[in-house]
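Opening the notebook on this one.

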Amino acid sequence: MHYSTLLTVLFLLSVSCGVYSGKILVFPVDGSHWINMKVLVMELYSKGHNITVIRSSDSMYIKEESPYYKFITVDVGTFDDDFFAKFVSHLLQAQQHQRSSWGKIMIGIEVFKKFSEIQEKICNMTAMIFENETLMKSLQQAKFDMVLADPAMGGGMLLAHKLGLPLVFNVRWTMLGEGHFAIAPSPLSYVPVPGAELTDKMTFIQRVTNVLSYFITYYQQAKHFGQPYKAFCQKYFGPDVDYFSILQNADIWLMRNDFTFEFPRPTMPNVVYMGGFQCKPSKPLPDDIEKFVKSSGKHGVIIMSLGSLFGDLGVDIADEIAAAFARLPQKVIWRHTGPRPSTLGNNTLLVAWMPQNDLLGHTKTKVFVAHGGTNGIQEAIYHGVPILGLPIAFDQPDNLSRMRKKGAARVLDISALDRSVFLEELKEVLYNPSYKENMQRLSRLHHDQPIKPLDRAVFWIEYVIRNGGAPHLRTQSFRMSWITYHSVDVILTLLGALLISGWLTFLLLRCLCFKLILNKKSSVNFER
């Protein structure tokens, strides 16, 4: 009897697992974005889902061999080997020599142009997928349940539309900017435009700046990023299909932030916040790094990492930073891929790779010197480590300005960096307890939630699989014209009715007055 009961339980468990498993087609973005997507892929695989990843033949991070997913390699060169290396080198040079507002504008234009090239290449890659009849037939026959995509590049949404599949976004940025501005109401009176480095409490002048920034950014994005997708949709879907509508029609938006980082703002039913979903408790460090960390004694450790693209800041900046580190009693672990700085002190360990999450979770870590990428900031919040920021490009200045507003970070302009300035700012974060206190408060807020962000993300992905999408969570506002959305027609109609009613009332009163006057004159004449 016990044996049969056990078999029944095992059978029911296997059935329940089968119900919730699905076939998921993943269209990721390479680089640091893949680090995020891979966390979701691994978790979905552990839940029994069947994952297929589309990658380009020259992918930097997305490997062909993996126990977690099958792969489809598109044999097309999207980027040259030194595409990003040249771009990053140019950005660093521009940052060091352009301190004026005009210089920053020119840097922004350069970034827009380069990203326009990237979007064009993604459209070309997607076109090759569409025109490969064998590949498209195999994708249709595979009967995927949904597409999981990163909308920083639009290939995933285009493929989902072509295949007629439900679409889930792993998103903070779309190819047109910050995700909220594509999906949720964004009143410019208290929602700062990304890049403006403002808060939700703006003066009149700041609100003017915010509005101007919005229209300038909107124009640049439509000009540089939207055009390739507009041409693509006209060619493959016809003139009646708008790429922005395809973007807005995604079933679920898994947002890679939360309101410990984001300022309060309107949102939508199909926006699910999973900020810090990639974070996890720290694990023991490798023996050599643990020995170095323990040697710091009571002073502790500073760690520095500027992400996957900015490991080499150039000789001049690296020498200034190394000289500042050498004056501190703390030990320093610095992820640095350039030449060894000539001013490097004995207290500084250079590494090509570091276990960043595990170091941030170590009790001896005092400060995180970071470029302001979303992943690093979320890990710093998770572990409660204050930040000294060195923003270089993209969303980094805006991310760090938010942490500065929350009192958890100091931010340095890399164009004005020298050893004295760097050392002074670093000591402020090290020895002023308010930065650590504020960051630990954010950490407590982040941890104080009923379900882990990764579990929440997986639930909604499985929700889409179980229900064949989530169209009931999509707002109708996307299908309205600007006039209808803002009720301009209703307001004009009511104003018109009010004016007509007022005019008719005026005419009626005027007629009554004339009639009374005539009657009065008639009675006076009669009495005479």
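**Ground rules.** I am working from a predicted model, where local features need pLDDT of at least 70 and side-chain atom pairs count only at pLDDT 80 or more, while totals for chains, interfaces and linings use all residues. Residues are numbered from 1 along each chain as its sequence is written, and side-chain values use heavy atoms, with hydrogens and water left out.

**Sheet one.** I looked up the strand order and got an open sheet of 7 strands, β3-β2-β1-β4-β5-β8-β9, with parallel pairing. Strands here are DSSP runs of E, at least two residues, and helices are runs of H or I, at least four, both numbered from the N terminus. Two strands count as paired if DSSP finds at least two bridges between them. The edges are β3 (70–74) and β9 (271–273), each pairing on one side only. From one strand to the next the twist averages 20°; axes are lines fitted to C-alpha atoms, for helices over the stretch in contact, and angles run from 0 to 180 degrees between N-to-C directions.

Strand β8 (residues 252–255) is joined to β9 by 3 bridges, and the two run parallel. Methionine 255 has tyrosine 273 in β9 as its bridge partner.

Which helices pack here? Helix α6 (residues 155–163) touches β1 (23–27), β2 (50–56), β4 (146–149) and β5 (167–171), and its direction makes about 140° with that of β1. Contact means heavy atoms within 4.5 Å. Helix α17 (residues 453–467) lies across β1, β4, β5, β8 and β9, at about 170° to β8.

**Sheet two.** Another open sheet has 6 strands in the order β12-β11-β10-β13-β14-β15, again with parallel pairing. Its edge strands are β12 (348–351) and β15 (409–411), each pairing on one side only. Neighbouring strands are turned by 15° against each other on average, direction ignored.

Valine 332 stands opposite threonine 348 in β12. Helix α11 (residues 315–326) lies across β10 (301–305), β11, β12 and β13, running at about 160° to β11. Helix α14 (residues 396–405) lies across β13, β14 (387–389) and β15, at about 130° to β15.

I used a 1 Å grid over the protein atoms alone: a cavity is a set of points where a 1.4 Å probe fits but cannot get out, a pocket is an open set with protein on both sides within 12 Å along at least five of seven lines, and lining residues have an atom within 4 Å of a point. Points join across faces, edges and corners, and a volume is the space filled by probe spheres set on them.

The count is 1 cavity of 30 Å³ or more. The largest cavity has a volume of about 40 Å³, and its lining includes Glu178, Phe181, Glu262, Arg265 and Arg402.

The second largest pocket is about 300 Å³. Of its 19 lining residues, Thr363, Thr365, Lys366, Lys436 and Gln440 lie nearest its centre. β13 (365–370), α15 (419–431) and α16 (433–447) each supply at least two lining residues.

**Annotated stretch.** The unreviewed UniProt entry annotates residues 490–518 as "transmembrane region"; such annotations may be inferred rather than shown by experiment, feature names are shortened, and positions are in the numbering used here. I looked up the span: it is 100% helix and 0% strand, with its end C-alpha atoms 42 Å apart.
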